[in-house]
Amino acid sequence: MDIDNRISWDEYFMKIARLVAERGTCKRKKFGSVLVKDRIIVATGYNGSPKGMPHCIDIGCLMKDGHCTRTIHSEQNALIQAGARAKESILYCTGLPCPICFKMLIQAGIKKIIYDEDYNKKELEYWIRNGGIEVIKYNIPNVVEVFEWII
C-alpha cells in the first residue's frame, strides 16, 4: 500500500475506540476509550459493570435520573488500567466524557481528548474552558472541529 494512502493516526485510534466500544455491556449505549502516548496504546476501556457483578445486558440497566449507574465508564476503565502512564496521553473516545470522567481526566494529566459524539457538552463547558485539556470533535477522516470557546 502506498504510504500516502494510509489512514491518519487519529482515524486509526478512533477506529480502535469504536471497536473497543463493541465490548460494552450497557443496553442503552456502548462507549469505548483508547489512551495513547507517543502513538502507542497505553490502555483501552469500555463501559461495563465492575468485576464479578452482573451486566446490564444480563439483568437490565440500573437507572437514576435518566442515566444507567450500573456501569463503570469507558474512560474510567482506561484510566484504571493505565495508572500513572495516563499522564500526558491523548484520549480517543466514542463519546464526549461525562463531567465526572472529565474531572478524572484532568486529574490524570490527559493532554487532549478526541471524541466522536457529543454527550453532555453543555455541562462540560466550565471544565473544558478551565481544565487544561485540548478537546477536539472527530468528524470524518482528517477533519476535526476544536471547541469554539477554547480558541
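**Exercise 1. Surroundings of Leu35**

Leaving aside neighbours within four places in sequence, with which residues is Leu35 in contact?

*Solution.* The model is a predicted one, in which local features need pLDDT of at least 70, side-chain atom pairs count only at pLDDT 80 or more, and totals for chains, interfaces and linings use all residues. Residues are numbered from 1 along each chain as its sequence is written, and side-chain values use heavy atoms, with hydrogens and water left out.

Step 1. Contact means heavy atoms within 4.5 Å. By this rule Leu35 is in contact with Ile40, Ile41, Val42, Ala43, Ala78, Leu79, Ala82, Ala86, Ser89, Ile90, Leu91 and Ile110.

Step 2. Consider next the core. A nonpolar core is a set of buried Ala, Val, Leu, Ile, Met, Phe, Trp, Tyr and Cys residues joined through side-chain atoms within 4.5 Å. Buried means under 20% relative accessible area, exposed over 50%, and partly exposed in between (1.4 Å probe, protein chains only). Leu35, Ile110 and Ile113 have the most contacts inside the largest such core, which has 19 residues.

Step 3. Two or more residues of this core come from each of β2 (40-46), α3 (74-82), β5 (90-95), α4 (99-108) and β6 (112-117). Helices (H or I, at least four residues) and strands (E, at least two) are DSSP runs, numbered from the N terminus. The element that gives the most to the core is α3, with 3 residues.

Step 4. Another core lies apart from this one; its 12 residues include Phe13, Ile16, Val34 and Tyr138.

**Exercise 2. The two sides of α4**

Determine which residues of α4 are buried and which are exposed on the other side.

*Solution.* Step 1. Pro99, Cys101, Phe102 and Leu105 are the buried residues in α4.

Step 1. These buried residues line one face of the helix, because they fall within an arc of 160 degrees when seen down the axis of α4. The arc is that of the directions from the helix axis to the C-beta atoms.

Step 2. On the other side of α4, Ile100 and Gln107 are exposed.

Step 3. After α4 comes Gly109, with a positive phi near 85 degrees.

**Exercise 3. The partners of β5**

Which strands pair with β5, and in which sense?

*Solution.* Step 1. Two strands pair if DSSP finds at least two bridges between them. Strand β1 (residues 32-37) and β5 run antiparallel and are joined by 4 bridges. Within β5, Tyr92 stands opposite Val34.

Step 1. With β6, β5 pairs in the parallel sense over 5 bridges. Here Cys93 has Tyr115 in β6 as its bridge partner.

Step 2. Together, β5, α4 and β6 make a right-handed β-α-β unit. A crossover is right-handed if, with the strands pointing away from the viewer, the path from the first strand over the helix to the second runs clockwise.

Step 3. Since 6 of the 6 residues of β5 are buried, this strand is largely enclosed by the rest of the structure.
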